[in-house]
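Here's a quick briefing to read alongside the coordinates. Have the viewer open and follow along topic by topic.

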Amino acid sequence: MTDESETRTVEHRPPEEAFSLLADETRLAILRELSGVDEPLGFSALRERVGVRDSGKFNYHLKKLLDSFVRRSDEGYELTLAGTQVVGALLAGTYTASVSLDPIETDGACPECGTALVAAYEDEHAKIRCSDCGNVRMSFAFPPGSIEQYDREELPLAFERWVFSEFAQATRGFCPNCSGRLEARLELNEDEPEVKSAIEREVAYLRYHCDRCGNRMLVSVDTLAATNSSVVVFLADHGVDVDDIPSWELDEVLNANVTEIVSRDPPRVRVSCELDGESIGVVVDETAHIVDIERSDA
Ligand SMILES: [Zn+2]
Ligand SMILES: [Zn+2]
């Protein structure tokens with residue numbers, strides 16, 4: 001073991017082979033049953049749970065799943081990572097659920113026209129948008145199977161928490177879609193507002209991109225600043241609990257919140273906020289990381 005590359009082996013199995021193994025009701029039932037247990041299951045216990053009497057037939061299907069989706073150990077059968085993720089996708093409703101939802105009014109107001117913002121679910125995307133002028137504050141894929149787990153009035157906050165959990169993954173460098181390595185950069189507005197979304201009309205925004213699956217996220221620099229621990233403490237010191245305020249209402253609370261360009265090449269911006277005569281500013285660099293924090297009496 002002299003070279004790091006010699007110690008790492010990744011074998012890729014053909015995906016068409018793996019997916020064709022799943023085209024069977026009994027096999028999907030096996031995966032579902034194995035996902036709900038704390039300990040590996042023995043052959044008979046698993047067969048009983050799935051409800052197949054014919055042990056030969058059951059064994060045939062179970063064997064098909066071995067190595068790809070199910071692992072056998074001395075203790076019994078359990079899911080592999082792929083098996084766990086297939087069950088996760090089935091429960092999330094990614095392949096199977098279809099949802100319609102009447103828009104839900106929120107306490108936020110549209111920054112363009114002042115009308116109430118609504119939380120809507122359209123084309124498998126959760127959206128926080130204006131009910132009048134069409135301005136979209138946020139739009140992101142949300143698993144349809146999770147909608148039914150919340151009451152209507154809980155959904156706007158559930159959308160918010162979901163997008164922040166995806167953002168937390170992105171800021172740590174993992175693609176929320178395929179778990180691949182994510183590239184991040186800061187982009188400055190180049191002033192062509194007619195072709196751009198609301199976020200691209202901001203002074204600057206963060207772009208996260210996965211080369212492997214093409215997934216991309218555009219995120220406001222304010223969002224990055226608002227998740228920084230020094231900023232959270234600053235706001236708490238001034239009576240603002242960021243956990244209590246949805247991000248689409250944060251602008252109104254932080255009405256002195258400004259983003260200014262520190263340099264164009266490489267791109268850098270400072271996001272600052274002033275409350276009760278005190279201020280905090282964070283500098284975001286070209287890789288979408290916070291590189292400097294200044295807190296001072298204004
Ligand atoms: Zn509006
Ligand atoms: Zn990806």
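Leaving aside neighbours within four places in sequence, Tyr-150 is in contact with Leu-155 and Ala-158, where contact means heavy atoms within 4.5 Å. Bear in mind that this is a predicted model, where local features need pLDDT of at least 70, side-chain atom pairs count only at pLDDT 80 or more, and totals for chains, interfaces and linings use all residues. Residues are numbered from 1 along each chain as its sequence is written, chains are lettered from A and ligands numbered from 1 in the order in which they are written, and side-chain values use heavy atoms, with hydrogens and water left out.

**Around Tyr-150**

- Tyr-150 sits in the loop between strand E6 (136-141) and H6; helices (H or I, at least four residues) and strands (E, at least two) are DSSP runs, numbered from the N terminus.
- With a relative accessible area of 36%, Tyr-150 is partly exposed. On this scale buried means under 20% relative accessible area, exposed over 50%, and partly exposed in between (1.4 Å probe, protein chains only).
- Tyr-150 and Val-37 are 113 residues apart in sequence, and their C-alpha atoms are 24 Å apart in space.

**Zinc ion (ligand 1)**

- The donors here are SG atoms of Cys-110, Cys-113, Cys-130 and Cys-133, at 2.3 Å. Donors are N, O and S atoms within 2.8 Å of the metal (3.2 Å for Na, K and Ca), and water is not among the atoms, so sites may look incomplete.
- The site is tetrahedral, with angles of 100 to 119° among its 4 donor atoms. Four donors get that label if all angles lie between 85 and 135 degrees.
- For reference, ideal angles are 109.5 degrees for four tetrahedral donors.
- Along the chain, the donor residues of the zinc ion (ligand 1) follow the spacing C-x2-C-x16-C-x2-C.
- Cys-113 lies in the loop between strand E3 (101-109) and strand E4 (116-122) and Cys-130 in strand E5 (residues 125-130), so this pair ties together parts 17 residues apart in sequence.
- Cys-113 is partly exposed at 37% relative accessible area, whereas Cys-130 counts as buried at 1%.

**Zinc ion (ligand 2)**

- Cys-175, Cys-178, Cys-210 and Cys-213 coordinate this ion through SG, at 2.3 Å.
- The 4 donor atoms subtend angles of 103 to 114°, so the arrangement is tetrahedral.
- The sequence spacing of the donor residues is C-x2-C-x31-C-x2-C.
- Distant parts of the chain are linked by Cys-175, in the loop between H6 and E7, and Cys-210, in strand E8, which are 35 residues apart.
- Both Cys-175 and Cys-210 are buried.

**Nonpolar cores**

- The largest nonpolar core has 31 residues, and Leu-186, Leu-206, Tyr-208, Leu-235 and Val-269 have the most contacts inside it. Such a core is a set of buried Ala, Val, Leu, Ile, Met, Phe, Trp, Tyr and Cys residues joined through side-chain atoms within 4.5 Å.
- Elements that each supply at least two residues of this core include helix H6 (155-171), strand E7 (182-188), strand E8 (204-210) and strand E11 (267-275).

**Domains**

- The chain is divided into domain 1 (12-92), domain 2 (97-156) and domain 3 (223-297), with bounds that come from an automatic or database domain assignment.
- The centres of domain 2 and domain 3, taken over C-alpha atoms, are separated by 26 Å.
- In that pairing, 9 residues of domain 2 are in contact with 5 residues of domain 3.
- Domain 2 and domain 3 bury about 560 Å² between them, 56% of it on carbon and sulfur atoms. Buried area is the accessible area (1.4 Å probe) that two parts lose on being put together, summed over both.

**Backbone features to check**

- The peptide bond from Asp-265 to Pro-266 is cis, with omega near 0°, and Pro-266 is in the loop between strand E10 (258-264) and E11.
- Asp-123, in the loop between E4 and E5, has a positive phi near 50° without being a glycine. Asp-123 is exposed, at 68% relative accessible area.
- Ser-179, also not a glycine, has a positive phi of about 65°. Ser-179 lies in the loop between H6 and E7 and is partly exposed at 43%.

Definitions and conventions:
Tetrahedral: all angles 85-135°; square planar, octahedral: opposite > 155°, others 65-115°.
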